[in-house]
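Here is a short note to read beside the model. Keep the structure open and find each residue as it comes up.

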Amino acid sequence: GGGARWWITLLFFLYLLYIQATCVLGFALLFCGVALCPALLCENYLRLLGTRFAVAAGSKPVLDDTMRPVMFLCNHRSWGDFWVDAALLGGTAFVSRWMVAVAMPMIGLWGHFHGGIWFFA
């Protein structure tokens, strides 16, 4: 009923606050010369949600972008897909609308200064 929905909403907002807090930590460490790997943070976010990955039959490994430039085109249907893409691809950079920074300010701030998010209007 309504009571269960209230708890789910509260847990969701606590989860978002946790993400913002870890981004504040990442941003502060960045100014101290320590760069946290966004992929590891995203793996943590997904683990908290109970996300599991499986390898599809006939799939191939993702191209290694440390050997040569690679562009990944990732379609998304929700805000959570960003974390899945970052965890699977190793924390690559994303192109994003400025509204992401409005909705999730610390992700936007840390991502911009870390070089993981490029904003456009």
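1. Terms and ground rules. Buried means under 20% relative accessible area, exposed means over 50%, and partly exposed is in between (1.4 Å probe, protein chains only). Helices (H or I, at least four residues) and strands (E, at least two) are DSSP runs, numbered from the N terminus. This is a predicted model: local features need pLDDT of at least 70, side-chain atom pairs count only at pLDDT 80 or more, and totals for chains, interfaces and linings use all residues. Residues are numbered from 1 along each chain as its sequence is written, and side-chain values use heavy atoms, with hydrogens and water left out.

2. Helix α5. Its buried residues are M106, I107, G108, W110 and G111. H112 also sits in α5. With 41% relative accessibility, H112 is classed as partly exposed. H112 and V84 are 28 residues apart in sequence, and their C-alpha atoms are 19 Å apart in space. After α5 comes G115, with a positive phi near 95°.

3. Helix α3. Which residues of α3 are buried? They are W83, D85, A86, A87 and L89. Just after α3, G90 has a positive phi of about 90°.

4. The cavity. On a 1 Å grid over the protein atoms alone, a cavity is a set of points where a 1.4 Å probe fits but cannot get out; a pocket is an open set with protein on both sides within 12 Å along at least five of seven lines; lining residues have an atom within 4 Å of a point. Grid points are joined across faces, edges and corners, and a volume is the space filled by probe spheres set on the points. The count is 1 cavity of 30 Å³ or more. The largest cavity has a volume of about 160 Å³. It is lined by 17 residues, and P38, C42, F82, W110 and G111 are the closest to its centre. Two or more lining residues come from each of α2 (38–49), α3 and α5 (105–114).

5. The pocket. The volume of the largest pocket is about 840 Å³. Its lining has 26 residues, with H76, F82, F94, V95 and S96 nearest its centre. At least two lining residues come from each of α3 (81–89), β1 (94–97), α4 (99–103) and β2 (117–120).

6. Cysteines. A disulfide is a pair of cysteine sulfur atoms within 2.5 Å. How many disulfides does a search of the whole structure find? The search finds 0. C23 is in no disulfide, and the nearest cysteine sulfur, in C42, is 8.1 Å away. C23 counts as buried because its relative accessibility is 2%. The sulfur of C32 is too far for a bond, because the closest cysteine sulfur, in C23, is 16 Å away. C32 counts as exposed, at 63% relative accessibility.

7. Helix α1. This helix covers residues 2–31 and includes W7. At 48% relative accessibility, F13 counts as partly exposed. F13 and F72 are 59 residues apart in sequence and 30 Å apart in space, C-alpha to C-alpha.
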